[in-house]
Amino acid sequence: MVAIVSTVAYLGLEARGVEVQCNLVAGVPAFVMVGLADKAVGESRERVRGAVAAIGLALPPKRITVNLSPADLPKEGSHYDLPVALALLGAMGVVDVETLADYVVVGELGLDGRIAASPGVLLAAMHAAAIGKGLICPASQGAEAAWAGGIEVIAADNLIDLLNHLKGTALLPTPAPGAVEDAAHGPDLRQVKGQETARRALEIAAAGGHNLLFVGPPGAGKSLMAACLPGILPPLSAAEALEVSMVQSVAGTLANGRLTRTRPFRSPHHSASMAALTGGGLRVKPGEVSLAHLGVLFLDELPEFQRAVLDSLRQPLESGTVSVARANAHVTFPARVQLVAAMNPCRCGHLGDPALACARAPKCAADYQAKVSGPLLDRIDLHVEVQPVTAADLILPPPAEGSAEVAARVAEARAVQTRRYDGTPARSNAEAEGALLDCHCTPDDAGRALLAQAAEATRMSARGYTRVLRVARTIADLSGADTVGRVHVAEALSYRRRAPTN
């Protein structure tokens, strides 16, 4: 008899069904596993052997063959341990095979029979719900699996408890969904002094989901303003929180099944590799651009990143997804992020101050800024020159408006956009394209004339042209205007700079 247990293989945020088939036949005793398994899956034989021995059972003196079907689908990770063990116990007659057919099973086994956590349980639960089955998972991830809703979740701490539950002798409690944490707030905008233009640009970026670049000397507050951005963004909706949690589940960072309404804020160091930023590795994992999905990706000291690493962000910023190509599979992760970058105008950082600038100015500025490619800069909607903060600025009282007041205006503008783009793929003005762009972002005659004149004078690219329209639409939303006017286009153009020639 062949015992079959259902489990999953993870490809990005997609969980594909896998059958674990176990057969016992007469012959030389052996434990063979086939089905395009990686080293971690192959090692599960020893973990399963130890776990079965820990509950007082011995493997039969037969040839044990475990097949992971489909055989042409790569199998990676330690979550195959538990389904392999249950398939083996089913073939041995210890557990009813028909009962196992009603569940998708994931989990790592310890040599003492404990069931340990493994990444991706939320995806497995969503897959189980889609095919009308229950889920068997580690006890520590029961709260995470319960978020799938509408399915039976069996969350066991060890193998013996799971077997007792399946036999009906000692039922396990049904796990409840984890807690939902309220949106957390970082620094308050009241800490930012003397940067009215930059504060205005930050508000526009938050209201429309636009990419933003701060250029200014050290100590001007660029990093502080970037850290303030999550505090003025609207909290994640229920659907968005689940979407972000699925990425965190695959990455193994979803602790205790807790969902949060706070938008992600990721700030990788400039030494990050391409795999760290966009995803990859021996076992493909989401990178920083995916972990920041529906949130903020902050790149400080932008020119210090490797140029190839920065250029790898071009496609994700445009499409909202990142594809990692491998010889045996293509894995796609979501990457709809709001990029906020900061950089000094030159290597010494004091280009605008003759008393502090180095002897190579202004050539050092051209060389330093040329490290960032023009096509990447063209994908940034708002370019802001941040002025140095003087002692006179610091002794002034805090600004009258803090994050709470700005967040209220941002929320109103986002609510307008939610109603505007209801039923469409776009969530904000930054995502409007095609017919949506023509319908909602086209300015009036005066604004159109100004934009055409500016585009011709600055040799603006088609991408730059559409991004100016999107920013102008956001400025109009903040002012409560139904139509994009000349004044909105003029302000949007003031934040646009011509990308340097490479």
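A salt bridge is defined here as a side-chain nitrogen of Lys or Arg within 4 Å of a carboxyl oxygen of Asp or Glu. The structure is a predicted model, in which local features need pLDDT of at least 70 and side-chain atom pairs count only at pLDDT 80 or more, while totals for chains, interfaces and linings use all residues. Residues are numbered from 1 along each chain as its sequence is written, and side-chain values use heavy atoms, with hydrogens and water left out.

Helices (H or I, at least four residues) and strands (E, at least two) are DSSP runs, numbered from the N terminus. Arginine 258 is partly exposed, at a relative accessible area of 34%; buried denotes under 20% relative accessible area, exposed over 50%, and partly exposed in between (1.4 Å probe, protein chains only).

A salt bridge also connects glutamate 491 with arginine 200 (2.8 Å, N to O). Because glutamate 491 belongs to helix H22 (residues 486–494) and arginine 200 to helix H8 (residues 196–208), the pair ties together parts that are 291 residues apart in sequence.

Arginine 467 forms a salt bridge with glutamate 318, the closest N and O atoms being 3.4 Å apart. Arginine 467 is buried, with a relative accessible area of 5%, whereas glutamate 318 is partly exposed at 35% relative accessibility. Salt bridges with shared partners unite Glu318, Asp378, Arg379, Asp381, Arg463, Arg467 and Arg496 in one network.
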